[in-house]
Amino acid sequence: MRWPIGQIEVELPDSVAVVRLLGEHDLSTAARLAEHLQVLAGEGLGLAIDLTETEFLDLAVLRALLGAETHLRGRRLVLALAPGAAAERLLGYSGLASSFTLTYDRASALAAAASQEQE
Amino acid sequence: MSRPGYRQLEITVPAEDNYLAQVRWLARTFAEDCGSPRDRADDIALAVNEACANVIIHAYSDDRGPLRLRAWQETDAVVYEISDNGTPVAKPAPGRAGGRGIPIIQAIADDLKIEGPGQYGTRLEIRFNL
């Protein structure tokens, strides 16, 4: 049986990159995600991470997201969460929620990332 | 209808990150079979995932070793044991620093016991009340 690996999709509307994490993401996918994020942040793009369809993520993935913030020149990474779902619960348990700008839908995440880009 | 103490789970896999999804699925399914609601089972799977990730990151320096997961049902709880044969001197691979995994487990679990790291590895026993 082959176990599904989390999918990473990147969309580039205007000057913002939206990175969607689909399915389950853990230590086995965190390095690949970190590479994607470092490239996008290096392009000077605002970054919004869409976690609304993420079924699972773990601390290694949160570390990859925190690592991306170091390439954002002082800007904060914007996360789009589904209320009560895996990502929001992990942020609560880890105490790392305050490290990110949190939104609860994709449109708000895009707007927040774009506004940071203009600052 | 299961009797308390009847359900048990035991699996040993290589301490490699591509086994995490399978281990997590087993942990979640076992919790649900023991009567945990879906959301609680998801959190239990997260806690077990973090314990297993710690083994993968910290237990073995160069050579890979085993990651063991045991679980059993008690009258009012489901208990998971995660253990390895690692040594106290093992260091995380480059780029895989640790931290915060144990606090996440403590935030989810009702009790956590840690033995080691010692000569025979490390053993975590994590209890979740039903």
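**Entry 1: helices α1 and α2 of chain B**

I began with the contact between two helices of chain B, where B:Leu20, B:Val23, B:Arg24, B:Ala27, B:Arg28, B:Ala31 and B:Glu32 of α1(B) touch B:Arg38, B:Ala41, B:Asp42, B:Ile44, B:Ala45, B:Val48, B:Asn49, B:Cys52, B:Ala53 and B:Ile56 of α2(B). I sorted these residues by class and got eleven nonpolar, one polar and five charged. I note here that the model is predicted.

Next I looked up the geometry. Two packed helices are described by the angle between their axes and the distance between the axes. The crossing of α1(B) and α2(B) is right-handed.

**Entry 2: a salt bridge inside chain B**

I then checked where the two residues sit along the chain. B:Arg40 belongs to helix α2 (residues 38–59) of chain B, while B:Asp110 lies in the loop between α3 (101–108) and β4 (111–118). They are 70 residues apart, and the pair links distant parts of the chain.

I also looked up the total for the structure, which is 18 salt bridges over all chains. Side chains of opposite charge can pair when their charged atoms come close.

**Entry 3: a cis peptide bond**

I went on to strand β4 of chain B, which contains B:Pro117. The peptide bond from B:Gly116 to B:Pro117 is cis, and its omega is near 5°.

**Entry 4: helices α1 and α2 of chain A**

In chain A I looked at α1 (residues 27–42) and α2 (residues 59–69), whose axes come within 8 Å and cross at roughly 15°. Angles under 35 degrees count as roughly parallel, and α1(A) and α2(A) are therefore roughly parallel to each other. Their crossing is right-handed.

Which residues of the two helices meet? I listed A:Leu27, A:Ala30, A:Leu33, A:Ala34, A:Leu37 and A:Ala41 from α1(A), and A:Ala60, A:Val61, A:Ala64, A:Leu65 and A:Ala68 from α2(A). By class, this contact of α1(A) with α2(A) has eleven nonpolar, no polar and no charged residues.

**Entry 5: where the chains meet**

I then turned to the interface, where 16 residues of chain A are in contact with 26 residues of chain B. The area buried between the two chains is about 1800 Å², and carbon and sulfur atoms give 59% of that area.

How many salt bridges does the rule find across the interface of chain B and chain A? I found five. One salt bridge joins the side chains of B:Asp43 and A:Arg89, at 2.7 Å from N to O.

Helix α3 (residues 86–94) of chain A packs with α2(B) at an angle of about 55°, with the axes 11 Å apart. The two helices are therefore oblique to each other, and they make a right-handed crossing. From α3(A) the contact uses A:Arg89, A:Leu90 and A:Tyr93, and from α2(B) it uses B:Asp39, B:Asp42, B:Asp43 and B:Leu46. I counted three nonpolar, no polar and four charged residues in the contact of α3(A) with α2(B).

Conventions: Residues numbered from 1 in each chain as written. Chains lettered and ligands numbered in written order. Predicted model: local features only at pLDDT ≥ 70, side-chain atom pairs only at ≥ 80, totals over all residues. Heavy atoms only, no water. Axes fitted to C-alpha atoms, helices over the stretch in contact; angles between N-to-C directions. Helix = DSSP H or I, 4+ residues; strand = E, 2+ residues; numbered from the N terminus. Parallel < 35°, antiparallel > 145°, perpendicular 65-115°, else oblique. Left-handed = near helix turned anticlockwise from the far one by under 90°. Contact = heavy atoms within 4.5 Å. Nonpolar A, V, L, I, M, F, W, Y, C, P; charged D, E, K, R; others polar. Buried area = accessible area lost by both parts, 1.4 Å probe. Salt bridge = Lys/Arg side-chain N within 4 Å of Asp/Glu carboxyl O.
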